[in-house]
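Subject: Structure for you to look at, with notes

Dear colleague,

I am handing over the structure below, together with my notes on what was found in it. Please keep it open beside this message while you read.

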Amino acid sequence: MEAAHIARAAPAPHGPIGRLLEGVCGAVAMLGGLLLIAIMLVSSLSVMGRAGSLLFAARISGIPGDVELVQLGCAVAVFAFLPICQLKRANVLVGAFTKSLPVRARAGFDLVANLLFFVLTFALAFQLGIGTREKFVNHDTTMVLRFPEGWAYAAALAFAWLLVITTAYTVARSALEIHSNRAIGPSPSGEH
Amino acid sequence: MSNFGAGLVSFVILLLALGLRVPIGVAMMAVGVGGFIWIQGLAPLLSFLKTTPFETFAGYSFSVIPLFLLMGNVASGSGLSARLFRGANALLGHHKGGMAMAAVGACAAFGTICGSSLATAATMGQVALPQMRKYGYSGALSTGTLAAGGTLGILVPPSIPLVVYAILTEQNIAKLFLAAFIPAALAVIGFFIAIRGYIYFHPGEGPATEKLPLTERARLVAETWPVIAIFLIVFVGMNGDFFFGRSLFTPTEGAAVGALLASIAALTVGGMRWRQVLGSVRATAEQSGMIFLILLGAELYNAFLARTNMPQVVAQWVSGLPVSPYLVMAVIVLVYILLGCLMDSLSMILLTIPIFFPVVMGLEFGLSPEHTAIWFGILALIVVELGLIHPPVGLNVYVIQNIAGDVSMLETFKGVVPFLIAEFFRVSLIIAFPTLTLLLIR
C-alpha cells in the first residue's frame, strides 16, 4: 500500500538469485494452493456424502478421516505459503514511525528484522527436522486413516528449509540495499 | 525480576520492535522465544519447536482461514460483484444518494462471501466508483462511501478477524458469526443515514438516477441469486442448530463448500477465466502465509505470556478498580482506536486479546461468561475495523483513493467523516445495549 501513494525512486530489479528464488517460491506456493483446493474438495465431498446419506438413506457417507486430511494438508500448505510471503515483503509490519526515514535507514531496520527471522526460522526448521525424524521412528500415524504423519512433516520440513533460504536471501537483500542506497525487488505490500 | 515483571517488560520490548519495522509475526515470535528461554530455559523451547508449529498450522479450526480467503479471492475476481451492485442500484438508485446507498448494500452483500475488508473495498470500488462518478456523484461522497462500505466485508460474516478471535478465546465460530448480523445491519442503516445526511448538507453531490421499469429492476435483482444462494447454503448449514436443532457442517466445511460454490459460480455465471483463478490462488497463498506467520508468532508469545501470569494479574487489578466496567470498556475501545492508527485489524486482535480478554471477562456486565465473550468479540471487531477508515492510516481510504485516481486524499477523508459519525453512534449503542448483539444467540 505504502509504495502506491508515496512517490519514491523505482526499486532496482531482482538479481538472478532473486529471480530464481521467486520462481521456486512461487511454484511451491502454487503447490500449496493445489493442496488447498484438494482440501476444499475433500471437505465438500464429505459434506455432500453426509447430506446424501441423510436424504436418501443410501450407502454413501462422508469421507472417513476427512478431518485428518484437512489438518495435515492445511499445515503443509501453510508451510508452502510462508516463503513467497517473506520474499515479496507481504508480512505485516508497522511502517508509520519509520516511513520518513531514508531508504538506507529503513533497510538497516529491515536487516535486523530479517536477521532475527533467519535465526528463528533456522531454529524452527532444525527442530522440525528432529520432530520429523521422531515421527518416522515412532511410526506415528493419524487416528482414522493410519496415514504416517512423518510424510506430512517431511513435506513441511522441505518448505521450512526453503523459508530459511529465503530469509537468508532477504538478509543479503537488505545488506545490498544499504550498500546501494536503493530498494531492491518487490515493494512492500504488508506495510501499515 | 518476577515473572509478572518479565511479562510487562516483554510487552514493552514487543511494542518497541514493532515500531522499528520488525514484522508483527516475527516480533511476537522473537519476544516469545526470548521470554520462554528466560522463564524455562532452552530445552523446553527446543522441544516445543519440534512439533508445536506444525500442530498449530494443523489446527482444524485454523483451516477455516485459507478456505474463506480462497472464497473471497475467487469472488473478488469474478463478475459477481458487478451483479450485486447492479441489483442494489436497481432497488435504490432512483433516490437521492441512492447509488451510494446501493454501493453500501452491495458491499454488505459481498461481505457475505468475502471475509476481508480490503478485498471488499477494492472489489466494490472497481465496480461502483466509475458508475457513481459517471452519474455525477462527488469525489468525496463516492470514495467515502466505498471506503466505509468496505468495512462491511469483515463485519458481515464470514470474517477472518472474528475467526481468529473465536480461536484465541475458545468461542464458537458459528455463534459469533450469528451475533455479527444485527450489528452489521445497524452499520448499513447508519451508513444510509450518513449518506442522506451528507446529501442534506451538500445537495447535488449525489443525484438520483433514472428509475428503471419494474420488470428490468426485478431482472437485475434476480441476477444476484448466486451470491444469495452461496450465502444461504453456507450459513444455514453452519448455524443449523439455530434453524433446525443440529448443525449440518463445521465452519471449516462451510468454508470449503463456500469456496467450491464460489468457484463454480465464478467460472460459470461470473465469466471468470482460468488465469484469474490462478491469480486468486496466488493471492490466497500470500494472504494465508502472512496471517499464519502472525498466528505462529501469537502462539509462541502467548505460550510465554501464559507462563508469566501477567494477564491474570492485570485482570485482577482492573476488576478491583473502583470504576464502572463500562468505563473500562470505553478505555479499551479508545486503545483500539489509537492502535488502529498504526496496525491492521488482525494484528491488533492477536496482540491485545490475550490481555484484554481476561480483563473483560473479569468485569461484571450482568451477562453470562459466554455472552460477555461474544459481545466483546463483536465490539472489538467493530472498533478494530474503524482503523481502516480513520486517519492517518485508513488502509481502505488509500485503496479507494488509489482506484479513483482523480480525488484528493483530503477530499476522501472528508467523505469518510459522516460515516465515522455514524460509527460513533453505533459503537455507543452496542456498548450500551449488549442485547443488540446477543438477540440471535440462544
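Let me begin with A:Glu134, which counts as partly exposed because its relative accessibility is 34%, where buried means under 20% relative accessible area, exposed means over 50% and partly exposed lies in between (1.4 Å probe, protein chains only). Please bear in mind that this is a predicted model, in which local features need pLDDT of at least 70 and side-chain atom pairs count only at pLDDT 80 or more, while totals for chains, interfaces and linings use all residues. Residues are numbered from 1 along each chain as its sequence is written, chains are lettered from A and ligands numbered from 1 in the order in which they are written, and side-chain values use heavy atoms, with hydrogens and water left out.

The contact between the chains

A:Glu134 forms a salt bridge with B:Lys50, the closest N and O atoms being 3.0 Å apart; a salt bridge here is a side-chain nitrogen of Lys or Arg within 4 Å of a carboxyl oxygen of Asp or Glu. B:Lys50, for its part, counts as buried because its relative accessibility is 17%. Over all chains the structure holds 14 salt bridges. Since B:Lys50 lies in helix α3 of chain B and A:Glu134 in helix α4 (residues 103-137) of chain A, the pair joins two chains; helices (H or I, at least four residues) and strands (E, at least two) are DSSP runs, numbered from the N terminus.

Between chain B and chain A the count is four salt bridges, and there are also eight residue pairs in polar contact, both residues being at pLDDT 80 or more. A polar contact is a pair of N or O atoms within 3.5 Å; within protein, one must be able to donate a hydrogen and the other to accept it, and residues adjacent in sequence count only if both atoms are side-chain atoms. Several helices of chain B each supply at least two residues of the side that touches chain A, among them α1 (3-19), α2 (24-40) and α3 (42-57), and the largest share of that side, 13 residues, comes from α17(B).

With contact taken as heavy atoms within 4.5 Å, 60 residues of chain B are in contact with 60 residues of chain A. The area buried between chain B and chain A is about 5,400 Å², of which carbon and sulfur atoms give 77%; buried area is the accessible area (1.4 Å probe) that two parts lose on being put together, summed over both. In chain B, the residues that lose the most area to chain A are B:Arg21, B:Lys50 and B:Phe54, together 17% of what that side buries.

Chain A by itself

The secondary structure of chain A comes to five helices and zero strands. Of its 192 residues, 47% are buried, and among its contacts with a separation of 6 or more, 79% are between residues 24 or more positions apart. After α5(A) comes A:Asn181, whose phi is positive, near 55°.

Places to look at in chain B

B:Arg426 and B:Glu423 both lie in helix α23 (residues 409-432), three residues apart, about one turn of the helix, and their side chains meet in a salt bridge (2.7 Å, N to O). B:Arg426 is buried, with a relative accessible area of 3%, and B:Glu423 is buried as well, at 2%.

Elsewhere, B:Arg86, B:Glu216, B:Arg219 and B:Glu223 are linked in a network of salt bridges. Within that group, B:Glu223 and B:Arg219 have their closest N and O atoms 3.3 Å apart; B:Glu223 is partly exposed at 22% relative accessible area, and B:Arg219 is partly exposed at 41%.

B:Ser117 is found in helix α7 (residues 117-134) and, at 4% relative accessibility, counts as buried. A polar atom of its side chain lies 3.1 Å from the backbone oxygen of B:Gly150.

B:Phe110, in helix α6 (residues 98-111), counts as buried at 0% relative accessibility. B:Phe110 and B:Ser81 are 29 residues apart in sequence, and their C-alpha atoms are 6.6 Å apart in space.

With best wishes
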